[in-house]
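Please look through the sequence and the structure shown below, and then read the briefing that follows, which takes the topics one at a time.

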Amino acid sequence: MAINLDKITLEKQGDSHKIDLSKGSDTQKEIIIDLNWSQEKRGFWGSLLGSSSEIDLDLGCYYELKDGQKTVIDGLQFAQGQGGARNTLTRQGRYTDTPWIWHTGDDRSGAGSGENILMNPKGLSDIKRIIVYCFIYEGVAKWTESNAVVTVKVSGNPDIVVEMGQQNSLRKFCAIAELIFEENNSITVRKLVTFHDSHGDCDKVYNWGLQWKTGSK
């Protein structure tokens with residue numbers, strides 16, 4: 001684990017860091033989970049060899065509330081008109097009320113602000129645990145070409161960073177980090193970076209018990 005004043009990089013699987021929610025004012029405790037990636041530019045020969053195809057990464061999370069509710073949020077879940085504004089409960093989540101978690105929208109390129117999941121500080125006491133994941137919806141499973149970085153941001157605390165560009169797995173689904181919401185006004189973030197064949201495969205490994213069917217954007 002590498003630490004400086006601005007960020008903490010969880011380097012090894014199992015590395016963890018505790019976020020202290022008592023720092024800063026209540027209005028500044030919004031949690032932002034950010035996924036950014038970039039496309040490596042390939043030359044003429046790379047194009048001929050088929051290695052220039054763009055990668056479409058999707059950010060998502062499994063979440064469980066303390067009342068037992070649990071499901072997933074990502075761009076595939078709220079595709080085809082199943083999403084909505086932050087104050088409306090849809091497959092995109094809801095920011096202003098339960099589950100207090102909202103995905104800001106699908107990004108096909110990774111440019112700009114990438115993809116983000118927001119958690120409302122008013123509802124953090126209702127949340128039990130979250131597993132943050134990303135998956136390659138389009139493109140081959142070349143994580144080393146994505147330069148992907150996932151960052152957990154909480155005001156008053158250094159950013160927690162998990163770098164995704166160093167893995168060689170051929171599986172397209174990656175569980176990145178687990179967030180455990182503690183009773184002592186803190187959150188423990190633990191690096192996972194385990195690779196799976198699908199949402200359902202990851203579900204079985206981490207015991208979520210959800211039902212799955214094939215979907216598309």
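The protein chain in this predicted model contains two helices and 14 strands. Of its 217 residues, 48% are buried, and its accessible surface comes to about 10,500 Å², with 48% of that area belonging to carbon and sulfur atoms. When contacts between residues at least 6 apart in sequence are considered, 66% of them join residues at least 24 apart.

**Confidence of the prediction**

- The pLDDT of the protein chain averages 84, and 83% of the residues reach a score of at least 70.
- Among the elements of the chain, the highest mean pLDDT, 97, belongs to strand S8 (residues 101-103), whereas the lowest, 40, belongs to helix H1 (residues 44-48).
- Over residues 41-52 the pLDDT is below 50, and beyond near neighbours in sequence this stretch has eight contacts in the model.
- Where pLDDT is low, the predicted coordinates should not be read in detail.

**The open sheet**

- Eight strands form an open sheet with mixed pairing, and their order across the sheet is S1-S2-S12-S11-S4-S9-S8-S7.
- The edge strands of this sheet are S1 (2-3) and S7, each of which pairs on one side only.
- Strands of a sheet pair through backbone hydrogen bonds, and the pairing can be either parallel or antiparallel.
- Strand S4 (residues 31-36) pairs in the antiparallel sense with strand S9 (residues 115-119) over five bridges, and within this pairing the bridge partner of Ile32 is Leu118 in S9.
- S4 also pairs with strand S11 (residues 149-154), again in the antiparallel sense, over six bridges, and here Leu35 stands opposite Val150 in S11.
- S11 in turn pairs with strand S12 (residues 159-163) in the antiparallel sense over four bridges, with Val161 in S12 as the bridge partner of Thr151.
- In a regular strand the side chains alternate between the two faces of the sheet.

**Helix H2 and the residue that follows**

- Helix H2 spans residues 199-206, and its buried residues are His199, Gly200, Cys202, Asp203 and Tyr206.
- Seen down the axis of H2, these buried residues fall within an arc of 160°, and therefore they line one face of the helix.
- The buried residues of H2 pack against several strands, namely S5 (56-65), S6 (70-74), S10 (127-138), S13 (173-181) and S14 (186-196).
- Asn207, which lies in the segment after H2, has a phi near 60°, a positive value in a residue other than glycine.
- Asn207 is also exposed, with a relative accessible area of 59%.

**The loop between S7 and S8**

- Thr98 and Pro99 are joined by a cis peptide bond, for which omega is about 10°, and Pro99 has its place in the loop between strand S7 (93-94) and S8.
- Trp100 is found in the loop between S7 and S8 as well, and although Trp100 is not a glycine, it has a positive phi of about 70°.
- Is Trp100 buried or exposed? At 12% relative accessibility Trp100 counts as buried, because the cut-off for a buried residue is under 20%.

**Cysteines and a buried tyrosine**

- Tyr133 is found in strand S10 and is buried, with a relative accessible area of 0%.
- Although Tyr133 and Gly60 are 73 residues apart along the chain, their C-alpha atoms are separated by 5.3 Å.

Methods:
Residues are numbered from 1 along each chain as its sequence is written. This is a predicted model: local features need pLDDT of at least 70, side-chain atom pairs count only at pLDDT 80 or more; totals for chains, interfaces and linings use all residues. Side-chain values use heavy atoms; hydrogens and water are left out. Buried means under 20% relative accessible area, exposed over 50%, partly exposed in between (1.4 Å probe, protein chains only). Contact means heavy atoms within 4.5 Å. Accessible areas come from the Shrake-Rupley method with a 1.4 Å probe; for residues, only the protein chains shown count as cover. pLDDT is the predictor's confidence in each residue, from 0 to 100. The arc is that of the directions from the helix axis to the C-beta atoms. Two strands pair if DSSP finds at least two bridges between them.
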